[in-house]
Structures are given as C-alpha cells and as structure tokens.
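Here is a short briefing to read alongside the model.

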Amino acid sequence: MRAPFESYRAEFPVLKEQLYLNHAGVAPTSVRAAAAVKSWMDDVVNHGVLHERGWEAHSEKVRGLAARIIGASPEEVAFVRNTSHGLGLVAEGLDWKPGDEVAVATSIEYPSNVYPWLHLKARGVEVREIPTPNGGVTPEAVASVLTPRTRLVAVSSVQFATGHRTDLDALGELCERSGVLLCVDGIQSVGCIPVDVKKSRVHFLSADSHKWMLGISGIGFLYVAKDVLPRVRPVLVGWRSTTDAWNFNRSHFELRPDAAKFEEGSAAYPGIYALGAALELLLEVGPEAIGARIGELLTRLDTGLRNLGCEVGPEPKDRAGILTFLPPGANVRALGAYLGEQKVSHSVRRGRIRLSPHFYNTLEEMDRLVELVRAYRPG
C-alpha cells in the first residue's frame, strides 16, 4: 500500500511558506534530492576522485530510472542540460535536405520547441504552421498541414500557456502512418501524468527536471528511439561519446551505438544525483497515482473558480496538470500581484492566471486559493 499523499509534504519545506501552485514554472525540489546532491558534494570534498567509479555506476542507475518513467530502455536515454539542449540535438542532428518540412505550432509553443526548428531555415528547411483554434495541437490539425515533404512533427505534450494536453497516442499513430518523425517537448508531462513513449510511437522526447519532476535546473534527459538512433548525428563529440571512453592512452574514434553518444564530456554529477532522487520519489508514489491526484486537485479548483464566475480552461478532457482562469472584470496583472502578496506561487501566461498543483498539495489548499480569489477587491 502506498503512503498517503500528505505524508510527502515534509519533503517540501517550501509549503510552510507558500501555497505552491507553480510546478509548470519552477518547482521546489525535495529534501531527499538536496540530500543526494550533498552526499555527492561531501564525497568529493572528503575523498576527491576516489569514488568516481561509484558516481558512474549511480549515473547509470539514474539513466535507468529516467527510462522507466517514460517506458523506454536505458540505451535510448541521454543526459542533457535542459529541454532546449535535447531538442537542439535532434534538430541539428538529422540529415535535412533543402525543401524538407517540419510541422510546428509556433503560435502557442514555448520557444524551446520553436527556435530549433526556425534555425533550420538556413539549411533550406521549411516550417509549416499547425493551426490551434482551441489552444492546443490535435491530430486533425497536424494532418491538415502534412505534405510529402514533411519529415517531422514537433509538439509539446502539454502546452505551457493554455494547459492543453496533446493526444500523443493518436498523433503518434498519424505520424507512423504518414512516415513522419514525432518529436515531443515533454517537460509539462513527465512527472505529472503517465508517459509511455513506446505506446505513443514517439521518436524523440526531451525534458529537464526542474518542473514536474521536482529536480533542479541544469539536468534532464533526451529519449531517442532505438530505430532512429543511427539517423541522428551528434552535434558535439568528445571522449565520452566513444566506445572506449575511459582509455585515454589512444585515439579510437568509434561512436557509441546508444544515446549516450550525445554526452560529449564529463558528467554533471550533482544534477544527476538530484535527478535520481527526484525520479525515485515519483516512481515511489507512482505516475498513475500522481496523475489521478493532480486531476482531483484541478477538479476542485475548477468547481470553485467557476462558482465565482471565472472563465476556466482547458476543459477537463484536455487537461494534464495546468489550469488557467480569468476572473470576470479583473485586471489579471493586479490579481497576480495580489496572489503573490498572499504567498501564492503561480504564473501569469498570455493574460490568464496559471495554476499547477502537484500530488502533495491538498484539497484544502485548492479551497484556500478559491477563497483568496473570492476575497480579492481591485484597488
């Protein structure tokens, strides 16, 4: 039997100070993740490089945890600095030809999933705009822009501003049927809802750990499906990219056959240790349980805010972990400032208040947010 969600609140001391509803922005990390970083720091402070092989073994364990949380194999996972890093490796690593096309919803995507593709215009690659009339990407919208020249569809699993959840299963089926690669910015889903890259037929997924994974900035992972790994050329290479990486006495340039070929140099051990502890926590609670709990919290918010006459989105069927709302007649910036004064961590995105609770938040906290909105009086 899993421990109650509330039992994990002690892992997040920030809750003593704030009503934290901003996991789609920057999440607080846990006590155990901080302890993992400290353990590595203490080791290197007291013992130098004596236990380096242990660090490497632990890094491989974390690689396995990253693979497990998205339904992949460890050899399909590379550590990256952030989501942009991973998406950039994909964009720059494929063998593009002039006239090739990428389908992207540039009007709503976070810049991390726009700029790498626009940067390809210098190589003759055209970006086709996916229409988004309801603030999200649908398979039907993608199908409407596919042509025989389309080689890749780039999409966020969940849109950062609207909160609209992409139906990756249906989109993956469409891309497979059309012979098109599917690249996913997964930062708004991994750690929030169950993710299965194999079931969804995803070829690439990049996500870093400082949002729903409850890790820290500067570390994340890139998934590259085994069958497309040979098609992606590393943009940067170094000693760690090779098959005989730890033999420094000879030059033997043979790239690794797995995703670790994208890791060109020394590992970011503090970040990897933090990521490992964060992933262990998420897997301990369980992705299915986390997704269901977040859904319950959002339903409570939805009901309370609608009762106040607020415009709320996205619709429940299109939701993952984000809810946005617009109070009737309210100045959103002023309301956001008020919520900040009340120590509510949130975001304002594209003219709406964005809320994103995690599994350790409580229903009572959702009620508190609603009451704060009810009590707000414009100055």
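**Briefing on the predicted model**

P314 sits in the loop that runs between β9 (311–313) and β10 (323–326). The model you have open is a predicted one. In it, the peptide bond leading from G313 to P314 is cis, and its omega is near -10°. Most peptide bonds, by contrast, are trans.

**The chain as a whole**

- The secondary structure amounts to 10 helices and 13 strands.
- Along the principal axes, the C-alpha atoms occupy a box of roughly 70 × 60 × 40 Å.
- Of the 379 residues, 55% are buried.

**Surface and charge**

- The chain has an accessible surface of about 16,100 Å², and carbon and sulfur atoms contribute 53% of that.
- There are 43 positive and 44 negative side chains, and the centres of these two sets are 2 Å apart.

- Most residues other than glycine have a negative phi.
- L214 has a phi near 65°, a positive value in a residue that is not glycine.
- You will find L214 in the loop between β7 (204–208) and β8 (220–224).
- L214 has a relative accessible area of 2%, so it counts as buried.
- R350 also has a positive phi, near 50°, and is likewise a residue other than glycine.
- The loop between β12 (347–349) and β13 (352–355) is where R350 is placed.
- Is R350 buried or exposed? With 52% relative accessibility, R350 is exposed, because the cut-off for that class is over 50%.

- T166 belongs to the loop that links β5 (150–156) with α6 (168–178).
- The relative accessible area of T166 is 5%, so this residue is buried.
- A polar atom of the T166 side chain lies 2.8 Å from the backbone oxygen of S156.
- Which residues does T166 touch, setting aside neighbours within four places in sequence? T166 is in contact with V137, V155, S156, S157 and L171.

**A141 in helix α5**

- A141 is part of helix α5, which covers residues 139–143.
- With a relative accessible area of 9%, A141 is buried, because the cut-off is under 20%.
- Apart from neighbours within four places in sequence, A141 is in contact with I130 and P131.
- E129 and A141 are 12 residues apart in sequence, and their C-alpha atoms are 9.7 Å apart in space.

**L326 in strand β10**

- L326 lies in strand β10.
- The relative accessible area of L326 is 28%, so the residue is partly exposed.
- Beyond neighbours within four places in sequence, the contacts of L326 are C310, E311, V332, G351 and R352.
- How far is L326 from G215, C-alpha to C-alpha? The two are 111 residues apart along the chain, and 30 Å separates their C-alpha atoms.

Terms used: Residues numbered from 1 in each chain as written. Predicted model: local features only at pLDDT ≥ 70, side-chain atom pairs only at ≥ 80, totals over all residues. Heavy atoms only, no water. Helix = DSSP H or I, 4+ residues; strand = E, 2+ residues; numbered from the N terminus. Buried < 20%, exposed > 50% of the residue type's maximum accessible area, 1.4 Å probe, protein only. Areas by Shrake-Rupley, 256 points an atom, 1.4 Å probe, with all protein chains shown as cover. Lys, Arg positive; Asp, Glu negative; His and termini not counted. Charge placed at Lys NZ, Arg CZ, Asp CG, Glu CD. Polar contact = N/O pair within 3.5 Å; in protein donor to acceptor, adjacent residues only side chain to side chain. Contact = heavy atoms within 4.5 Å.
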